[in-house]
Amino acid sequence: MKISTDLKLVQARLQSAKRVSALTGAGISAESGIPTFRDKGGIWEKFDPSKLATPEAFAKDPKHVWEWYALRMQAIREAKPNAAHHALVHLEKRFSTPNSFQLITQNIDNLHRTAGSQNLIELHGNIWRTRCLGCKVIRSLSAVPDVLPPYCLDCGNLLRPDVVWFGEALDPQAIVDAEAACETDIFLVIGTSGEVWPAAGLAHQAKRAGAFVVEVNTQRTALSEIVDISLLGKAGEILEKIMGIKEEDLFSH
Ligand code: BJW
Ligand code: ZN
């Protein structure tokens, strides 16, 4: 019963809102078959983050780190955006005036863009880009590199995935833009454990700035205490209900 009252409240808030922002995490891609990090069966259950997602790990064994990214690229390449990704495209279309909708993701899987989201900040980078450790040039990847680790065609130096590892600074412009998006009427927090900073801090910042903060997650998280409403369930199912769009219509926009 409570979920339907909460859903109605969120729908009413969306009706009257002038600005909406959403922060997403790995949970939004779970229904596309991409494993999350900290859940049971998640990535960090099988792999040690300190050996894979730090600049020190890459410096020590770039081949090992690249092999892990190549495996994830293969899984991501097979994945398709799910109902939750598509619901956010519909939401963006509803808020079509400039600066009225901002999507912020921690995911590197590109699924928001594949779904059709436009106003997107990728806080932790994108798995389909490389960055040269020498000349710093950033290039798009259209396939998993044949030889691992890959080297720069321009300067011969080692390439790394253009993602943000622990202990590394996020892109300053991405942070400025994401913080600006905290000045909003509604801030949706979807499929993130809220354990990784500074991303988690955005939900706190939005709350402090007076936004109505709504969490969508299969379980309670580190952010549940500060949000206005926690909607418990799968992101695809909850967002479909919030948007009031039938599943068959969600995938066309
Ligand atoms: C569903 C679902 C379904 C499942 N539907 N829901 C303040 C306090 C403490 C520590 C720090 C702090 N500030 C900074 C730190 C250090 C560190 C940090 O946060 N550590 C904590 C873990 C303790 N942060 C950093 O190091 C950051 N950098 C930094 O702070 O730099 C400072 C600096 C400044 C100036 C110069 C130099 C440095 C960088 C963080 C980078 C994180 N990188 C990763 C890897 C990216 C690349 C890759 O993917 O390979 O990002 S780690 C990993 O965690 C990945 C994710 O984006 C990120 C967040 O995870 P997420 O998305 O929340 O996933 P899960 O698995 O945790 O949660 C999934 C959720 O979905 C769960 O809640 C499920 O219940 C739910 N779910 N199915 C709805 N169907
Ligand atoms: Zn180079």
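For the residue classes used here, Ala, Val, Leu, Ile, Met, Phe, Trp, Tyr, Cys and Pro count as nonpolar, Asp, Glu, Lys and Arg as charged, and the others, Gly among them, as polar. By that scheme, 23 nonpolar, 17 polar and 9 charged residues line the largest pocket. The model is predicted, and ligand 1 sits in this pocket. The points below cover the pocket, the ligand and some backbone features.

**The largest pocket**

- The volume of the largest pocket is about 960 Å³.
- Its lining is made up of 49 residues, and those nearest the centre of the pocket are Gly25, Ala26, Phe37, Arg38 and Asn107.
- At least two lining residues come from each of H2, helix H3 (43-46), H6 and strand E8 (212-217).
- H6 provides the largest share of this lining, with 4 residues.

**The shell around ligand 1**

- Around ligand 1 there are 36 residues, of which Tyr69, Arg72, Thr192, Ser193 and Asn217 come nearest.
- Sorted by class, this shell holds 15 nonpolar, 14 polar and 7 charged residues.

**Polar contacts and cover of ligand 1**

- Asn217 has a polar side-chain atom 2.6 Å from an oxygen atom of ligand 1.
- For Thr218, the distance from a polar side-chain atom to an oxygen atom of ligand 1 is 3.3 Å.
- Gln219 also places a polar side-chain atom by the ligand, 2.9 Å from an oxygen atom of ligand 1.
- On its own, ligand 1 has 1,500 Å² of accessible area, and the protein covers 75% of that area.

**Cis peptide bonds**

- Leu148 and Pro149 are joined by a cis peptide bond, with omega near -5°.
- Pro149 belongs to the loop that runs between strand E5 (138-140) and strand E6 (159-163).
- The bond from Trp197 to Pro198 is likewise a cis peptide bond, with omega near 5°.
- Pro198 is in the loop between strand E7 (186-190) and helix H10 (199-208).

**Positive phi**

- Asn99 is not a glycine, yet its phi is positive, at about 65°.
- The loop between helix H7 (83-94) and strand E2 (101-105) contains Asn99.

How values were computed:
Residues numbered from 1 in each chain as written. Chains lettered and ligands numbered in written order. Predicted model: local features only at pLDDT ≥ 70, side-chain atom pairs only at ≥ 80, totals over all residues. Heavy atoms only, no water. Near = heavy atom within 4 Å. Polar contact = N/O pair within 3.5 Å; in protein donor to acceptor, adjacent residues only side chain to side chain. Areas by Shrake-Rupley, 256 points an atom, 1.4 Å probe, with all protein chains shown as cover. 1 Å grid on protein atoms, 1.4 Å probe; cavity = no way out; pocket = protein on both sides within 12 Å on 5 of 7 lines; lining within 4 Å. Sits in = over half its atoms within 2 Å of the grid points. Points joined across faces, edges and corners; volume = space filled by probe spheres on them.
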